[in-house]
Amino acid sequence: MVSTLQFSNGDRMPALGLGTWKSGPGDVYKAVKEAIALGYRHIDCAHIYGNEAEIGRALAESFSEGVATREQLWITSKLWNDSHGAEDVRPALETTLSNLQLDYLDLYLIHWPVALKKGASFPLTSDKLISLKDLPISTTWQAMEALVDDGKCRHIGVSNFSTTKLQALVKTARIKPEINQIELHPYLQQPSMLAFCQENNIYLTAYSPLGSSDRPNSLKTDDEPVLLDDATIASIAKTHGATPAQVLISWAIHRGTAVIPKSVNPARIKQNLAAAEVSLTPEDMQTITALNLSRRYVDGTIWVVEGGAYTLANLWDN
Ligand code: A2P
């Protein structure tokens, strides 16, 4: 059984969901259908992944075939960086809803604390970036709050936010952010973020929980440690008759976070869901704590361009 994280209004988000970043055309439709048929009830999407229309088809078919109802599913999506302007937020959500063939989202997140000019594409140059002074998060957030008022999304939150940025948002928000979706795994444990969020009634969702080794080469370095090959994780997996991926997923759930492993492979989609049954001991959790390297796989350097408004220091506030 997948546990749930309960919000103050009583809604419950399944702690384990299917990630869809990097799930390509053709694959993602099958992956989402398969996942729902197997019992996944949480699908994590984003406009920028470029695959929401295909996910929408999988959702619509799953509903019409009676595999699941809309109410049983938790669907998250994310506002892209080029739609932070007050007048751009609603149309962006409407595009996502239309692609996903849904009337509402369970959760809508600001994807990055980074603003881009409308339609800006890669490679980025400084003129395509807008600083947070010129287009503050508070402006974008007010437009997000209006979507909740209208019933277009049940919950709103953020992604890739530092504790500093969360703190500022919590202070000014009429509707508090309920989720921060960030990179979390044994090599990037972010304990002070976890503590801050627990104190402020914000849940964390762990992205790249398996180390996202399928991300584009431009987001990789030659010397990076491979999380799925970690010897300590492998030995813990062995004691539970589990796989390393299952230990990584179970670890996230044991920390009280949600987790969204991505797979387009039916056997691994099934294996990852079964991680909900893997029960790690306090000793296992302690052993894994010692693996922290504070090592980001998705480090935000794509937002750092010559003469631009963003640096790694102002992105992560460290
Ligand atoms: P695939 O989609 O072919 O299964 P993350 O969730 O951290 O972004 O990681 C996704 C990567 O991990 C993808 O390359 C995915 O490949 C792979 N993956 C997903 N589940 C498993 C698993 N149970 N064992 C090994 N690799 C996995």
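Q: Hi! How do the residues of the shell around the ligand divide into nonpolar, polar and charged?
A: Hello! In this predicted model, the shell has seven polar residues, six nonpolar ones and four charged ones.

Q: Nice. And which residues are the closest to the ligand?
A: Ser-212, Lys-262, Ser-263, Arg-268 and Gln-271 are the closest, out of 17 residues that surround the ligand.

Q: Which helix gives the most to that shell?
A: That's helix α9, which covers residues 266-274 and supplies three residues of the shell.

Q: What does the side chain of Gln-271 do there, in terms of atoms and distance?
A: An N or O atom in the Gln-271 side chain sits 2.7 Å from a nitrogen atom of the ligand. Ser-263 also has a polar side-chain atom, 2.6 Å from an oxygen atom of the ligand. With Leu-210 it's a polar backbone atom, and that one is 2.8 Å from a ligand oxygen.

Q: OK, how much of the ligand does the protein bury?
A: The protein buries 84% of the 570 Å² that the ligand exposes when taken alone.

Q: Switching topic: at what angle do helix α7 and helix α8 pack?
A: At about 95°, with their axes 8 Å apart. Helix α7 is residues 231-240 and helix α8 is residues 244-254. Angles of 65 to 115 degrees count as roughly perpendicular, so α7 is roughly perpendicular to α8.

Q: Which residues meet there?
A: From α7, Ile-233, Ala-234, Ile-236 and Ala-237 meet Pro-244, Val-247 and Leu-248 of α8.

Q: And is that contact polar or nonpolar?
A: Nonpolar: the contact of α7 with α8 has seven nonpolar residues, with no polar and no charged ones.

Terms used: Residues are numbered from 1 along each chain as its sequence is written. This is a predicted model: local features need pLDDT of at least 70, side-chain atom pairs count only at pLDDT 80 or more; totals for chains, interfaces and linings use all residues. Side-chain values use heavy atoms; hydrogens and water are left out. A residue is near a molecule or strand if one of its heavy atoms lies within 4 Å of it. A polar contact is a pair of N or O atoms within 3.5 Å; within protein, one must be able to donate a hydrogen and the other to accept it, and residues adjacent in sequence count only if both atoms are side-chain atoms. Accessible areas come from the Shrake-Rupley method with a 1.4 Å probe; for residues, only the protein chains shown count as cover. Helices (H or I, at least four residues) and strands (E, at least two) are DSSP runs, numbered from the N terminus. Ala, Val, Leu, Ile, Met, Phe, Trp, Tyr, Cys and Pro count as nonpolar, Asp, Glu, Lys and Arg as charged, and the others, Gly among them, as polar. Axes are lines fitted to C-alpha atoms, for helices over the stretch in contact, and angles run from 0 to 180 degrees between N-to-C directions. Angles under 35 degrees count as roughly parallel, over 145 as roughly antiparallel, 65 to 115 as roughly perpendicular and the rest as oblique. Contact means heavy atoms within 4.5 Å.
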